[in-house]
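Subject: Structure handover

Hello,

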Amino acid sequence: MFRVICRNAVGTSRCHYSKSPSISLFVFDMLANVSRPRIGFLSRRFVSGVAAKCKSATTSANNRAVGLWLGGCAGMVVGSVVLGGVTRLTESGLSMVDWHLVKGMRPPWTDEEWEEEFKKYQKYPEYQFVHKEITLPEFKRIFYMEYTHRMWGRLIGIAFALPATYFWIRGRMPKQMKGRVIIYGSLLLFQGLLGWYMVKSGLEEKPESTEIARVSQYRLAAHLGSALVLYSLLFWSAHKLLFEVESVRETRGLIRLRHTTRWGKAIIFLTALSGAFVAGLDAGLVYNSFPKMADCWIPDDIAALTPKWRNVFENASTVQFNHRVLGTTTLMGILGIWLMARPVDLPRRARLAVNCLAGMGVVQVGLGISTLLYYVPMWMASMHQTGSVLVLTAALWLSRELTKRPVK
């Protein structure tokens, strides 16, 4: 007669049928002893798998948090560029003649303090040659415009430094981002110092100059250029942490498109930088016709200054001509990228990016021409400057989407 013997070994029930209980017990114990290491091995694999998944989830959460933070900082940099453009257009940038990192955060409150601030402003060239008839209420308006721009810059510094410290101390900063965050913070500090260095150039008296008081176009271009570099780095890192590049089959057309897009970013940046020289010299008010410049394709005074290289940076006619050529060339390049991308099998996000780049390029050139023809209205000029950042953003986005996916 068969007997059923059942035992539990490490939580697992095993049943053996045997005529002899002793034989059944011996066989079961042997199987149980063999099973224990195997079950332990499986348990270790299970625990390791769970730990790996938890670590991956934590890394993903940290990347997302840091990516959102960097993306927010990038958006604030765009806001600073827009505010800076409006400050320049309203001729408000030289209304604050002092620079104090902490003390300057408090604006004048009493009538006496406002009178004292106004008297300090009256000692500088902008008041003497541009705003001679300005009243105290009008001075307050331009003062608050510059004050808002400066406070926004300080707010960016706080929004960058505090989360960076938190992520670093709590160990949530991705390892590959630590060096980059130090670079970004250094660029942010440099940007603030460069802003004051730019303003200082407009406060200096130039007895030999017959021009109105304005900041140096060289320093203005450096200030804008450093802001665009900082924005580009922040945007790139944020996108890298938040979105994984979609896989795409490597083809000759894709490789050409990738390289062309990199050159496209460079020409877009250069065109935006040339716009700073246009703003610094008020070159948008020189020739208000398009496509010709006073019935000429090339203005007669394009090489009026000596030595000749000065015309590229200091002659308003030449600066406007160069900006026109660069803008047109940029649009042609963008449309070329769009046509080049047509036959390439791109992922959905990359296709959307190239379409946005083409559309924004057309809108930007339209805004530039309209700004010129309507004698640089403030709101239109501000939109044109904002459009340059959006075009650069679309180019960065496309370049990021076309990045070769690393092999894991």
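Below are the ground rules, then the findings.

This is a predicted model: local features need pLDDT of at least 70, side-chain atom pairs count only at pLDDT 80 or more, and totals for chains, interfaces and linings use all residues. Residues are numbered from 1 along each chain as its sequence is written, and side-chain values use heavy atoms, with hydrogens and water left out.

Overall layout

The chain has 11 helices and two strands. Helices (H or I, at least four residues) and strands (E, at least two) are DSSP runs, numbered from the N terminus. The order along the sequence is β-β-α-α-α-α-α-α-α-α-α-α-α. Of the 408 residues, 41% count as buried. Buried means under 20% relative accessible area, exposed over 50%, and partly exposed in between (1.4 Å probe, protein chains only).

Helix α6

Helix α6 covers residues 217–242. Its 26 residues should span 38 Å at 1.5 Å a residue, and the end C-alpha atoms are 37 Å apart, which agrees. The expected span is 1.5 Å times one less than the number of residues. The helix is mostly covered, with 19 of its 26 residues buried. At its start, a side-chain oxygen of Ser 216 comes within 3.2 Å of the backbone nitrogen of Tyr 218. That is a polar contact: a pair of N or O atoms within 3.5 Å, where within protein one must be able to donate a hydrogen and the other to accept it, and residues adjacent in sequence count only if both atoms are side-chain atoms.

Salt bridges

The structure holds nine salt bridges. The rule is a side-chain nitrogen of Lys or Arg within 4 Å of a carboxyl oxygen of Asp or Glu.

One of them joins Asp 282 and Arg 88, at 3.5 Å, N to O. Asp 282 lies in the loop between α7 (252–280) and α8 (310–314) and Arg 88 in helix α1, so the pair ties together parts that are 194 residues apart in sequence.

Arg 214 also forms a salt bridge with Asp 282, with the closest N and O atoms 3.1 Å apart. This pair links distant parts of the chain too: Arg 214 is in the loop between α5 (178–203) and α6, and the two residues are 68 apart. Through shared partners, Arg 88, Arg 214 and Asp 282 join into one network. Arg 214 is buried, at 16% relative accessibility. Asp 282 is partly exposed, at 26%.

Another salt bridge pairs Glu 117 with Lys 120, closest N and O atoms 3.6 Å apart. They are three residues apart in helix α2, so about one helical turn separates them. Glu 117 is buried at 13%, while Lys 120 is partly exposed at 25%.

Surface patch

Trp 99, Leu 101, Val 102, Met 105, Leu 189 and Leu 193 form a nonpolar surface patch of about 600 Å² accessible area together. Areas come from the Shrake-Rupley method with a 1.4 Å probe; for residues, only the protein chains shown count as cover. Patch members have over 30% relative accessible area and no salt bridge; like charges are joined within 9 Å, nonpolar side chains (Val, Leu, Ile, Met, Phe, Trp, Tyr) within 5 Å. Met 105 sits in the loop between α1 (21–89) and α2 (111–121). Its relative accessible area is 36%, so Met 105 is partly exposed.

Cysteines

The disulfide count is zero, where a disulfide is a pair of cysteine sulfur atoms within 2.5 Å. Cys 296 is partly exposed at 24% relative accessibility, and Cys 356 is partly exposed at 34%.

Best regards
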